[in-house]
Amino acid sequence: MTSFKVGLFLAIRQLRRANIWTNILISFVMVLTFLNLVVINGILVGLIQGSEEQYKDRYTGDVIVSKLISKPYIQRTSEIIAAIESMPGIKDYVVRYTEGGSVQADYKENIKKEGDLDMSTGALFSGINPVKENEIFGLADFVVEGEYLQPGDFDKVMIGANLLYRYIQIDSPVFRPLKGDIGPGDKVRVTIGDTIREVEIKGIVKTKVDEISSRIFMDEAQLRQIAGRNAYDANEISIIAEPGVTQESIRDALLARGFGEYATVQTQKESIPVFLDQIKDTFGLLGNAMGLIGLVVASITIFIVIFVNIITRRKYIGILKGIGVSGKAIEISYIFQSAFYAIVGSVIGLVLTFFVLRPLFYAHPIDFPFSDGILAVTWVGTLVRAGILIVCTIIAGYIPARMIVRRNTLDSILGR
(Lines give C-alpha, C1' and ligand atoms only; values in the text may rest on other atoms or scores of the structure.)
Protein backbone atom coordinates (compact mmCIF):
# COMPACT_ATOMS: atom_id res chain seq x y z
CA MET A 1 0.00 0.00 0.00
CA THR A 2 2.94 2.29 0.81
CA SER A 3 4.46 1.65 -2.61
CA PHE A 4 1.10 2.47 -4.19
CA LYS A 5 0.85 5.82 -2.36
CA VAL A 6 4.46 6.73 -3.07
CA GLY A 7 4.05 5.75 -6.73
CA LEU A 8 0.92 7.90 -7.03
CA PHE A 9 2.74 10.83 -5.40
CA LEU A 10 5.71 10.51 -7.76
CA ALA A 11 3.43 10.22 -10.80
CA ILE A 12 1.49 13.38 -9.93
CA ARG A 13 4.69 15.24 -9.24
CA GLN A 14 6.26 14.21 -12.55
CA LEU A 15 3.13 15.02 -14.55
CA ARG A 16 2.94 18.48 -12.98
CA ARG A 17 6.59 19.15 -13.73
CA ALA A 18 6.49 17.77 -17.24
CA ASN A 19 6.37 20.11 -20.22
CA ILE A 20 2.71 20.98 -20.88
CA TRP A 21 3.18 20.54 -24.63
CA THR A 22 4.59 17.07 -24.07
CA ASN A 23 1.49 16.11 -22.10
CA ILE A 24 -0.79 17.61 -24.78
CA LEU A 25 1.08 15.85 -27.58
CA ILE A 26 0.95 12.43 -25.89
CA SER A 27 -2.75 12.90 -25.05
CA PHE A 28 -3.39 13.91 -28.67
CA VAL A 29 -1.70 10.72 -29.89
CA MET A 30 -3.92 8.72 -27.54
CA VAL A 31 -7.04 10.49 -28.85
CA LEU A 32 -6.08 9.68 -32.43
CA THR A 33 -5.39 6.09 -31.47
CA PHE A 34 -8.76 5.80 -29.77
CA LEU A 35 -10.56 7.27 -32.79
CA ASN A 36 -8.64 4.94 -35.10
CA LEU A 37 -9.66 2.02 -32.91
CA VAL A 38 -13.35 2.99 -32.77
CA VAL A 39 -14.26 5.23 -35.69
CA ILE A 40 -12.67 3.29 -38.55
CA ASN A 41 -14.47 0.15 -37.45
CA GLY A 42 -17.67 2.15 -36.95
CA ILE A 43 -17.55 3.63 -40.44
CA LEU A 44 -16.91 0.29 -42.14
CA VAL A 45 -19.69 -1.45 -40.22
CA GLY A 46 -21.87 1.65 -40.62
CA LEU A 47 -21.74 1.24 -44.39
CA ILE A 48 -23.81 -1.93 -44.13
CA GLN A 49 -25.80 -0.89 -41.08
CA GLY A 50 -26.88 2.26 -42.90
CA SER A 51 -28.10 0.09 -45.75
CA GLU A 52 -30.01 -2.14 -43.31
CA GLU A 53 -31.66 0.82 -41.62
CA GLN A 54 -32.78 2.23 -44.97
CA TYR A 55 -34.11 -1.20 -45.91
CA LYS A 56 -36.20 -1.14 -42.74
CA ASP A 57 -37.24 2.52 -42.88
CA ARG A 58 -38.16 2.49 -46.57
CA TYR A 59 -39.38 -1.01 -47.32
CA THR A 60 -39.86 -3.76 -44.74
CA GLY A 61 -40.75 -1.95 -41.55
CA ASP A 62 -40.12 -4.06 -38.43
CA VAL A 63 -41.87 -7.17 -39.74
CA ILE A 64 -42.72 -8.10 -43.30
CA VAL A 65 -45.34 -10.63 -44.32
CA SER A 66 -44.88 -11.96 -47.84
CA LYS A 67 -46.27 -14.78 -49.95
CA LEU A 68 -45.06 -18.33 -49.66
CA ILE A 69 -42.69 -19.34 -52.45
CA SER A 70 -45.19 -21.88 -53.72
CA LYS A 71 -48.12 -19.43 -53.79
CA PRO A 72 -48.84 -16.40 -55.97
CA TYR A 73 -50.27 -14.30 -53.13
CA ILE A 74 -50.50 -14.16 -49.35
CA GLN A 75 -53.25 -16.59 -48.47
CA ARG A 76 -56.03 -15.32 -46.17
CA THR A 77 -54.77 -11.76 -46.45
CA SER A 78 -57.95 -10.29 -44.94
CA GLU A 79 -57.63 -12.50 -41.82
CA ILE A 80 -53.99 -11.51 -41.38
CA ILE A 81 -54.83 -7.82 -41.75
CA ALA A 82 -57.65 -8.16 -39.21
CA ALA A 83 -55.23 -9.81 -36.78
CA ILE A 84 -52.64 -7.07 -37.33
CA GLU A 85 -55.25 -4.39 -36.62
CA SER A 86 -56.29 -6.10 -33.39
CA MET A 87 -52.81 -6.87 -32.06
CA PRO A 88 -51.26 -4.60 -29.43
CA GLY A 89 -47.85 -3.10 -30.11
CA ILE A 90 -48.44 -2.41 -33.81
CA LYS A 91 -48.29 1.20 -34.89
CA ASP A 92 -49.24 0.90 -38.55
CA TYR A 93 -48.93 -1.26 -41.63
CA VAL A 94 -48.87 -1.06 -45.43
CA VAL A 95 -50.28 -3.52 -47.95
CA ARG A 96 -48.73 -3.92 -51.40
CA TYR A 97 -49.76 -5.89 -54.46
CA THR A 98 -47.07 -6.95 -56.90
CA GLU A 99 -47.00 -8.47 -60.37
CA GLY A 100 -44.17 -9.31 -62.69
CA GLY A 101 -44.21 -7.82 -66.16
CA SER A 102 -42.25 -5.74 -68.61
CA VAL A 103 -41.97 -2.15 -69.72
CA GLN A 104 -41.03 -0.76 -73.14
CA ALA A 105 -40.21 2.81 -74.05
CA ASP A 106 -39.37 2.84 -77.76
CA TYR A 107 -42.41 0.91 -78.99
CA LYS A 108 -43.51 3.78 -81.25
CA GLU A 109 -40.23 4.38 -83.05
CA ASN A 110 -38.73 0.91 -83.05
CA ILE A 111 -40.40 -1.16 -85.77
CA LYS A 112 -39.26 -4.71 -85.18
CA LYS A 113 -38.65 -7.21 -87.90
CA GLU A 114 -40.44 -10.49 -88.07
CA GLY A 115 -39.08 -12.81 -85.43
CA ASP A 116 -37.57 -10.01 -83.31
CA LEU A 117 -38.47 -9.73 -79.67
CA ASP A 118 -39.77 -6.54 -78.08
CA MET A 119 -37.01 -4.31 -76.67
CA SER A 120 -38.60 -4.37 -73.27
CA THR A 121 -37.22 -4.56 -69.75
CA GLY A 122 -38.51 -6.89 -67.08
CA ALA A 123 -39.85 -5.16 -63.98
CA LEU A 124 -41.82 -5.76 -60.82
CA PHE A 125 -44.99 -3.69 -60.67
CA SER A 126 -46.07 -2.63 -57.21
CA GLY A 127 -49.64 -1.53 -56.51
CA ILE A 128 -49.65 0.81 -53.52
CA ASN A 129 -51.88 3.12 -51.55
CA PRO A 130 -49.91 6.29 -52.35
CA VAL A 131 -51.08 8.20 -49.28
CA LYS A 132 -50.34 5.47 -46.75
CA GLU A 133 -47.05 4.46 -48.39
CA ASN A 134 -45.88 8.04 -48.11
CA GLU A 135 -47.13 8.52 -44.55
CA ILE A 136 -45.28 5.45 -43.28
CA PHE A 137 -42.25 5.13 -45.53
CA GLY A 138 -41.89 8.66 -46.96
CA LEU A 139 -41.79 7.47 -50.56
CA ALA A 140 -42.54 10.97 -51.92
CA ASP A 141 -39.21 12.18 -50.51
CA PHE A 142 -37.40 10.02 -53.06
CA VAL A 143 -39.10 11.31 -56.20
CA VAL A 144 -36.13 12.85 -58.00
CA GLU A 145 -38.02 13.89 -61.13
CA GLY A 146 -41.68 14.62 -61.79
CA GLU A 147 -44.37 14.26 -59.15
CA TYR A 148 -45.49 11.75 -56.58
CA LEU A 149 -48.39 9.41 -57.40
CA GLN A 150 -51.82 10.46 -56.13
CA PRO A 151 -54.89 8.30 -55.39
CA GLY A 152 -56.89 7.85 -58.59
CA ASP A 153 -53.88 8.44 -60.84
CA PHE A 154 -54.89 5.85 -63.42
CA ASP A 155 -52.62 5.15 -66.36
CA LYS A 156 -49.82 6.92 -64.51
CA VAL A 157 -46.81 5.29 -62.89
CA MET A 158 -43.68 6.13 -60.98
CA ILE A 159 -40.68 4.29 -62.34
CA GLY A 160 -37.62 3.26 -60.34
CA ALA A 161 -34.33 4.85 -61.36
CA ASN A 162 -32.66 1.43 -61.62
CA LEU A 163 -34.83 0.71 -64.67
CA LEU A 164 -33.46 3.72 -66.57
CA TYR A 165 -30.06 3.56 -68.29
CA ARG A 166 -29.30 7.22 -67.68
CA TYR A 167 -29.33 6.51 -63.93
CA ILE A 168 -27.74 3.09 -63.65
CA GLN A 169 -25.71 2.77 -66.89
CA ILE A 170 -25.62 -1.02 -66.97
CA ASP A 171 -25.82 -2.96 -70.21
CA SER A 172 -25.80 -6.52 -68.99
CA PRO A 173 -26.82 -9.49 -71.16
CA VAL A 174 -29.41 -10.41 -68.51
CA PHE A 175 -30.66 -6.94 -67.68
CA ARG A 176 -30.95 -3.99 -70.02
CA PRO A 177 -32.52 -0.86 -68.56
CA LEU A 178 -34.57 1.49 -70.71
CA LYS A 179 -32.31 3.64 -72.85
CA GLY A 180 -32.97 7.15 -74.05
CA ASP A 181 -33.97 10.41 -72.43
CA ILE A 182 -37.00 8.95 -70.69
CA GLY A 183 -38.61 11.07 -68.02
CA PRO A 184 -41.83 12.41 -66.54
CA GLY A 185 -44.54 13.00 -69.15
CA ASP A 186 -43.24 10.27 -71.48
CA LYS A 187 -45.39 7.31 -72.38
CA VAL A 188 -44.27 3.73 -71.88
CA ARG A 189 -45.97 0.48 -72.67
CA VAL A 190 -46.37 -1.97 -69.80
CA THR A 191 -47.25 -5.61 -70.12
CA ILE A 192 -48.68 -7.51 -67.16
CA GLY A 193 -49.87 -11.00 -67.96
CA ASP A 194 -51.91 -10.77 -71.15
CA THR A 195 -52.71 -7.09 -70.67
CA ILE A 196 -50.80 -4.39 -72.52
CA ARG A 197 -51.36 -0.82 -71.42
CA GLU A 198 -49.86 2.53 -72.37
CA VAL A 199 -49.16 4.60 -69.27
CA GLU A 200 -47.54 7.93 -68.51
CA ILE A 201 -44.49 8.31 -66.31
CA LYS A 202 -45.47 10.71 -63.56
CA GLY A 203 -42.29 10.52 -61.51
CA ILE A 204 -38.95 8.80 -61.09
CA VAL A 205 -38.09 7.25 -57.73
CA LYS A 206 -34.51 6.84 -56.64
CA THR A 207 -33.35 5.41 -53.31
CA LYS A 208 -30.50 3.19 -52.21
CA VAL A 209 -32.93 0.34 -51.56
CA ASP A 210 -33.05 -1.84 -54.67
CA GLU A 211 -36.50 -3.18 -53.79
CA ILE A 212 -37.80 0.37 -54.36
CA SER A 213 -35.57 1.69 -57.10
CA SER A 214 -36.16 -1.38 -59.28
CA ARG A 215 -39.96 -1.26 -59.21
CA ILE A 216 -42.71 0.47 -61.10
CA PHE A 217 -45.35 1.92 -58.78
CA MET A 218 -48.98 2.45 -59.66
CA ASP A 219 -52.26 2.81 -57.78
CA GLU A 220 -53.19 -0.51 -56.17
CA ALA A 221 -56.67 -0.47 -57.72
CA GLN A 222 -55.26 -0.13 -61.23
CA LEU A 223 -52.72 -2.89 -60.73
CA ARG A 224 -55.43 -5.27 -59.56
CA GLN A 225 -57.54 -4.26 -62.56
CA ILE A 226 -54.75 -4.79 -65.09
CA ALA A 227 -53.72 -8.07 -63.48
CA GLY A 228 -57.33 -9.25 -63.28
CA ARG A 229 -57.13 -9.73 -59.54
CA ASN A 230 -60.58 -9.34 -58.05
CA ALA A 231 -59.62 -10.64 -54.62
CA TYR A 232 -57.72 -8.55 -52.09
CA ASP A 233 -54.99 -11.13 -51.53
CA ALA A 234 -51.83 -9.06 -51.27
CA ASN A 235 -48.14 -9.86 -51.82
CA GLU A 236 -46.50 -7.84 -49.07
CA ILE A 237 -47.55 -6.41 -45.72
CA SER A 238 -44.97 -4.22 -43.99
CA ILE A 239 -45.63 -3.71 -40.29
CA ILE A 240 -44.35 -0.91 -38.06
CA ALA A 241 -44.03 -1.68 -34.34
CA GLU A 242 -44.71 0.70 -31.50
CA PRO A 243 -41.56 1.99 -29.77
CA GLY A 244 -40.27 -0.59 -27.31
CA VAL A 245 -42.00 -3.52 -29.02
CA THR A 246 -39.58 -6.06 -30.47
CA GLN A 247 -39.73 -7.38 -34.01
CA GLU A 248 -39.61 -10.94 -32.69
CA SER A 249 -42.69 -10.47 -30.48
CA ILE A 250 -44.81 -9.37 -33.46
CA ARG A 251 -43.51 -12.17 -35.66
CA ASP A 252 -44.13 -14.76 -32.95
CA ALA A 253 -47.65 -13.44 -32.29
CA LEU A 254 -48.55 -13.82 -35.99
CA LEU A 255 -46.99 -17.28 -36.19
CA ALA A 256 -48.81 -18.34 -33.01
CA ARG A 257 -52.10 -17.65 -34.79
CA GLY A 258 -51.13 -20.11 -37.50
CA PHE A 259 -50.45 -17.59 -40.28
CA GLY A 260 -47.14 -19.27 -41.05
CA GLU A 261 -49.12 -21.76 -43.14
CA TYR A 262 -50.41 -19.00 -45.42
CA ALA A 263 -47.53 -16.55 -45.61
CA THR A 264 -43.87 -16.00 -44.84
CA VAL A 265 -43.55 -13.93 -41.67
CA GLN A 266 -40.09 -12.43 -41.10
CA THR A 267 -38.53 -9.80 -38.94
CA GLN A 268 -36.62 -7.10 -40.75
CA LYS A 269 -33.33 -8.74 -39.73
CA GLU A 270 -34.42 -12.11 -41.10
CA SER A 271 -35.44 -10.60 -44.44
CA ILE A 272 -32.03 -9.05 -45.04
CA PRO A 273 -29.92 -10.99 -47.54
CA VAL A 274 -27.28 -13.16 -45.85
CA PHE A 275 -24.45 -11.66 -47.89
CA LEU A 276 -25.04 -8.27 -46.24
CA ASP A 277 -24.38 -9.81 -42.82
CA GLN A 278 -21.27 -11.48 -44.21
CA ILE A 279 -20.01 -8.16 -45.63
CA LYS A 280 -20.75 -6.52 -42.28
CA ASP A 281 -18.69 -9.16 -40.44
CA THR A 282 -15.85 -8.78 -42.95
CA PHE A 283 -15.82 -5.00 -42.60
CA GLY A 284 -15.83 -5.44 -38.82
CA LEU A 285 -12.73 -7.64 -39.05
CA LEU A 286 -11.01 -5.14 -41.35
CA GLY A 287 -11.82 -2.33 -38.92
CA ASN A 288 -10.46 -4.34 -36.00
CA ALA A 289 -7.28 -5.11 -37.95
CA MET A 290 -6.73 -1.44 -38.76
CA GLY A 291 -7.48 -0.52 -35.16
CA LEU A 292 -4.98 -3.12 -33.96
CA ILE A 293 -2.27 -1.51 -36.09
CA GLY A 294 -3.09 1.85 -34.54
CA LEU A 295 -2.99 0.28 -31.09
CA VAL A 296 0.47 -1.17 -31.71
CA VAL A 297 1.73 2.19 -32.99
CA ALA A 298 0.35 3.96 -29.92
CA SER A 299 1.87 1.37 -27.60
CA ILE A 300 5.28 1.81 -29.24
CA THR A 301 4.90 5.59 -28.95
CA ILE A 302 4.16 5.37 -25.24
CA PHE A 303 7.03 2.91 -24.80
CA ILE A 304 9.46 5.30 -26.50
CA VAL A 305 8.20 8.35 -24.59
CA ILE A 306 8.43 6.60 -21.22
CA PHE A 307 11.78 5.02 -22.10
CA VAL A 308 13.32 8.36 -23.12
CA ASN A 309 11.87 9.97 -20.01
CA ILE A 310 13.38 7.29 -17.77
CA ILE A 311 16.77 7.33 -19.52
CA THR A 312 17.05 11.08 -18.96
CA ARG A 313 16.05 10.59 -15.33
CA ARG A 314 18.28 7.64 -14.50
CA LYS A 315 20.26 9.66 -11.95
CA TYR A 316 17.04 10.87 -10.34
CA ILE A 317 15.72 7.30 -10.17
CA GLY A 318 19.03 6.12 -8.70
CA ILE A 319 18.83 8.80 -6.00
CA LEU A 320 15.22 7.83 -5.24
CA LYS A 321 16.33 4.24 -4.76
CA GLY A 322 19.33 5.42 -2.74
CA ILE A 323 17.15 7.31 -0.23
CA GLY A 324 14.92 4.25 0.21
CA VAL A 325 12.14 4.59 -2.34
CA SER A 326 11.36 1.07 -3.51
CA GLY A 327 11.71 0.06 -7.15
CA LYS A 328 8.11 -1.10 -7.06
CA ALA A 329 6.93 2.42 -6.14
CA ILE A 330 8.92 3.88 -9.05
CA GLU A 331 7.42 1.34 -11.45
CA ILE A 332 3.93 2.15 -10.17
CA SER A 333 4.56 5.86 -10.75
CA TYR A 334 5.20 5.18 -14.45
CA ILE A 335 2.16 2.93 -14.63
CA PHE A 336 0.08 5.83 -13.31
CA GLN A 337 1.60 8.17 -15.88
CA SER A 338 0.78 5.78 -18.72
CA ALA A 339 -2.74 5.27 -17.39
CA PHE A 340 -3.21 9.03 -17.15
CA TYR A 341 -2.41 9.56 -20.84
CA ALA A 342 -4.58 6.61 -21.89
CA ILE A 343 -7.58 7.68 -19.77
CA VAL A 344 -7.38 11.31 -20.89
CA GLY A 345 -7.16 10.23 -24.54
CA SER A 346 -10.03 7.74 -24.15
CA VAL A 347 -12.33 10.22 -22.38
CA ILE A 348 -11.76 12.88 -25.04
CA GLY A 349 -12.23 10.20 -27.71
CA LEU A 350 -15.52 9.05 -26.14
CA VAL A 351 -16.85 12.61 -26.04
CA LEU A 352 -15.85 13.20 -29.66
CA THR A 353 -17.32 9.88 -30.79
CA PHE A 354 -20.72 10.00 -29.09
CA PHE A 355 -21.40 13.72 -28.85
CA VAL A 356 -19.79 15.06 -32.02
CA LEU A 357 -19.06 12.42 -34.66
CA ARG A 358 -22.05 10.10 -34.27
CA PRO A 359 -24.68 12.92 -34.41
CA LEU A 360 -22.72 14.46 -37.29
CA PHE A 361 -22.76 11.21 -39.27
CA TYR A 362 -26.50 10.75 -38.66
CA ALA A 363 -27.21 14.30 -39.78
CA HIS A 364 -24.87 14.09 -42.77
CA PRO A 365 -24.33 10.41 -43.68
CA ILE A 366 -21.55 9.50 -46.08
CA ASP A 367 -22.97 9.20 -49.56
CA PHE A 368 -21.89 5.77 -50.76
CA PRO A 369 -23.36 4.33 -53.96
CA PHE A 370 -25.29 1.61 -52.13
CA SER A 371 -26.00 3.18 -48.76
CA ASP A 372 -25.86 6.27 -46.61
CA GLY A 373 -22.99 5.40 -44.29
CA ILE A 374 -23.41 6.14 -40.60
CA LEU A 375 -21.10 5.71 -37.63
CA ALA A 376 -22.09 2.35 -36.10
CA VAL A 377 -20.79 2.44 -32.53
CA THR A 378 -22.20 1.17 -29.26
CA TRP A 379 -21.31 2.17 -25.71
CA VAL A 380 -20.43 -1.40 -24.74
CA GLY A 381 -18.18 -2.02 -27.76
CA THR A 382 -16.51 1.36 -27.40
CA LEU A 383 -15.84 0.93 -23.67
CA VAL A 384 -14.28 -2.47 -24.36
CA ARG A 385 -11.94 -0.88 -26.92
CA ALA A 386 -11.12 1.92 -24.46
CA GLY A 387 -10.26 -0.73 -21.86
CA ILE A 388 -7.96 -2.52 -24.31
CA LEU A 389 -6.24 0.78 -25.14
CA ILE A 390 -5.68 1.59 -21.46
CA VAL A 391 -4.30 -1.88 -20.65
CA CYS A 392 -1.93 -1.86 -23.65
CA THR A 393 -0.72 1.64 -22.79
CA ILE A 394 -0.07 0.67 -19.17
CA ILE A 395 1.96 -2.34 -20.30
CA ALA A 396 3.87 -0.15 -22.76
CA GLY A 397 4.73 2.23 -19.93
CA TYR A 398 5.58 -0.46 -17.39
CA ILE A 399 8.13 -2.36 -19.51
CA PRO A 400 10.74 0.46 -19.87
CA ALA A 401 10.26 1.41 -16.20
CA ARG A 402 10.92 -2.17 -15.18
CA MET A 403 14.04 -2.31 -17.40
CA ILE A 404 15.62 0.78 -15.81
CA VAL A 405 14.57 0.20 -12.21
CA ARG A 406 16.18 -3.24 -12.18
CA ARG A 407 19.60 -1.71 -12.89
CA ASN A 408 22.17 -1.27 -10.15
CA THR A 409 21.42 1.80 -8.01
CA LEU A 410 25.03 3.06 -8.05
CA ASP A 411 25.26 2.71 -11.84
CA SER A 412 22.07 4.72 -12.18
CA ILE A 413 23.36 7.52 -9.93
CA LEU A 414 26.67 7.66 -11.82
CA GLY A 415 24.87 7.49 -15.18
CA ARG A 416 26.67 4.31 -16.25
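In which helix is the place of Ser 27? In this predicted model, Ser 27 belongs to helix α2, a helix that covers residues 20-60. Ser 27 counts as buried because its relative accessible area is 10%, which falls under the 20% cut-off for burial. When neighbours within four places in sequence are set aside, the residues in contact with Ser 27 are Tyr 341, Val 344 and Gly 345.

## Helix α10 and what covers it

Helix α10 runs over residues 274-312, a stretch of 39 residues, and its first and last C-alpha atoms lie 57 Å apart, close to the 57 Å expected at 1.5 Å a residue. Its buried residues include the glycines Gly 284, Gly 287, Gly 291 and Gly 294. Leu 276, Leu 295, Ala 298, Ser 299, Ile 302, Ile 306 and Ile 310 are also buried in α10. An α-helix has 3.6 residues a turn, so residues three or four places apart point the same way. Among the elements that cover the buried residues of α10 are α2, the helix that holds Ser 27, together with α11 (314-322), α12 and α13.

Val 296 also lies in α10, but this residue counts as partly exposed because its relative accessibility is 42%. Along the chain Val 296 and Val 265 are 31 residues apart, and their C-alpha atoms are separated by 47 Å.

## Two nonpolar cores

The largest nonpolar core of the model contains 43 residues, and those with the most contacts inside it are Ile 237, Ile 239 and Leu 254. Strand β2, residues 90-104, contributes the largest share of this core, with 5 residues.

## A nonpolar patch on the surface

On the surface, Ile 343, Val 347, Val 351, Phe 355, Val 356, Trp 379 and Leu 383 form a nonpolar patch, and together these residues have about 650 Å² of accessible area. Helices α12 (327-363) and α13 (379-405) each supply at least two residues of the patch, while the largest share, 5 residues, comes from α12. Both helices are also among the elements that cover the buried residues of α10.

Val 351, one of the patch residues, is found in helix α12. Val 351 counts as partly exposed because its relative accessibility of 41% lies between the 20% and 50% cut-offs.

## Positive phi in two loops

Although Arg 76 is not a glycine, its phi is positive, at about 55°. Arg 76 lies in the loop between β1 (63-66) and α3 (77-86), and this residue is partly exposed because its relative accessible area is 41%.

Asp 155, likewise a residue other than glycine, has a positive phi near 60°. Asp 155 is found in the loop that runs between β4 (143-146) and β5 (156-160), and a relative accessible area of 31% is why Asp 155 counts as partly exposed.

Technical notes. Residues numbered from 1 in each chain as written. Predicted model: local features only at pLDDT ≥ 70, side-chain atom pairs only at ≥ 80, totals over all residues. Heavy atoms only, no water. Core = buried A, V, L, I, M, F, W, Y, C linked by side-chain atoms within 4.5 Å. Buried < 20%, exposed > 50% of the residue type's maximum accessible area, 1.4 Å probe, protein only. Helix = DSSP H or I, 4+ residues; strand = E, 2+ residues; numbered from the N terminus. Patch = residues over 30% accessible without salt bridge, like charges linked within 9 Å, V, L, I, M, F, W, Y side chains within 5 Å. Areas by Shrake-Rupley, 256 points an atom, 1.4 Å probe, with all protein chains shown as cover. Salt bridge = Lys/Arg side-chain N within 4 Å of Asp/Glu carboxyl O. Expected span 1.5 Å × (residues − 1). Contact = heavy atoms within 4.5 Å.
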